[in-house]
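Biologist: Please show me the sequence and the model. Then I will ask about it piece by piece.

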Amino acid sequence: MKTVRLTLRFDAETIHPMHRFVAESDAFESYRLVHGNFAGENDDNVFIFHVVGDADVYEAALAETDRVDDYELTRTGDRTFTVYVRDLPADVDTRLLEGLTAGSLVVLPPLEYRSDWTVRFSVVGESADLQAALEEMPDGIETTVDRVGEYDGADAAVGALTARQRETLRVARELGYFEVPRAAGVEDVAAELDCAPGTAAEHLRKAEETVMDALDL
């Protein structure tokens, strides 16, 4: 199986209104789709997003859009929250998702929604199906292939983590804990997670151990 890392750039006609809202707002730092159920024709798509930013600002915009049938927002920290969304797909969304899930193809979460109107993610599948998906992208979506390789199951490391470990690693990365030199310490991670530094340190240690064991280096 092949894996392809893609960046999709949407134009003003194809970008989802919530993606555009988050991209153009200063109230958000991170916006990722972590789970999805891509429904059939005439049905809602169901998504779960992890967001870093102002939950009140996001929920106000979500309540006003006509592209969401229902939602439930759950706060997980001072500036972190998850959103369960029943999304009403536009025609371009349906065609895009049908192409990316056709045949042997599997989209690997998370999908990273960025402020430059792009979405980055990986797709796994047979070469012919991947090529067909790239050739049949809807108009208004510019596609860049960032990387092509053999699928080695490296995403299993993410699947081995608990939800709390994933959250801890995500916060640590966004704060700069893994940068060289470090831009943030355990205390900063703990403050963002609203827990004791010792608890944050334990989450980080166990998460790092889990990832290394899953990678089987």
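Modeller: Ala196 is found in the loop between α7 and α8 (197-215). Helices (H or I, at least four residues) and strands (E, at least two) are DSSP runs, numbered from the N terminus. This is a predicted model: local features need pLDDT of at least 70, side-chain atom pairs count only at pLDDT 80 or more, and totals for chains, interfaces and linings use all residues. Residues are numbered from 1 along each chain as its sequence is written, and side-chain values use heavy atoms, with hydrogens and water left out.

Biologist: Is Ala196 buried, partly exposed or exposed?

Modeller: Buried means under 20% relative accessible area, exposed over 50%, and partly exposed in between (1.4 Å probe, protein chains only). Ala196 has a relative accessible area of 42%, so the class is partly exposed.

Biologist: How far apart in space are Ala196 and Tyr31?

Modeller: Ala196 and Tyr31 are 165 residues apart in sequence. C-alpha to C-alpha, their separation in space is 26 Å.

Biologist: At what angle do the axes of α6 and α7 cross?

Modeller: Axes are lines fitted to C-alpha atoms, for helices over the stretch in contact, and angles run from 0 to 180 degrees between N-to-C directions. The axes of α6 (residues 163-175) and α7 (residues 186-193) come within 10 Å. They cross at roughly 120 degrees.

Biologist: Which class does that give α6 and α7?

Modeller: Angles under 35 degrees count as roughly parallel, over 145 as roughly antiparallel, 65 to 115 as roughly perpendicular and the rest as oblique. The angle therefore makes α6 to α7 oblique.

Biologist: Which residues of α7 meet α6?

Modeller: Contact means heavy atoms within 4.5 Å. From α6 come Arg164, Glu167, Thr168, Val171, Ala172 and Leu175. Their partners in α7 are Asp188, Val189, Glu192 and Leu193.

Biologist: How many residues in the contact of α6 with α7 are charged?

Modeller: Ala, Val, Leu, Ile, Met, Phe, Trp, Tyr, Cys and Pro count as nonpolar, Asp, Glu, Lys and Arg as charged, and the others, Gly among them, as polar. The contact of α6 with α7 has five nonpolar residues and one polar. The charged ones number four.

Biologist: How many residues in the contact of α1 with α2 are nonpolar?

Modeller: Met18, Phe21 and Val22 in α1 meet Val57, Tyr58, Ala61 and Leu62 in α2. No polar and no charged residues take part, and the nonpolar count is seven.

Biologist: Why is the pair of Phe49 and Tyr113 edge-to-face?

Modeller: Rings of Phe, Tyr and Trp (its six-membered ring) pair if their centres lie within 6.5 Å; planes under 30 degrees apart count as stacked, over 60 as edge-to-face and the rest as tilted. The count by this rule is nine aromatic pairs. The centres of Phe49 and Tyr113 are 5.8 Å apart, and the pair is edge-to-face because the planes stand at 70 degrees.

Biologist: Which strands hold Phe49 and Tyr113?

Modeller: Both residues are buried. They are 64 residues apart, with Phe49 in β3 (residues 45-53) and Tyr113 in β6 (residues 106-113).

Biologist: What is the angle between the planes of Tyr58 and Phe81?

Modeller: Tyr58 counts as buried at 1% relative accessibility, and Phe81 also counts as buried at 1%. Their rings form a tilted pair, 5.4 Å centre to centre. The angle between the planes is 55 degrees.

Biologist: Which residues do ring pairs link into a cluster?

Modeller: Phe49 pairs with Tyr113, and Tyr58 pairs with Phe81. The cluster links Phe21, Phe28, Tyr31, Phe47, Phe49, Tyr58, Phe81 and Tyr113.
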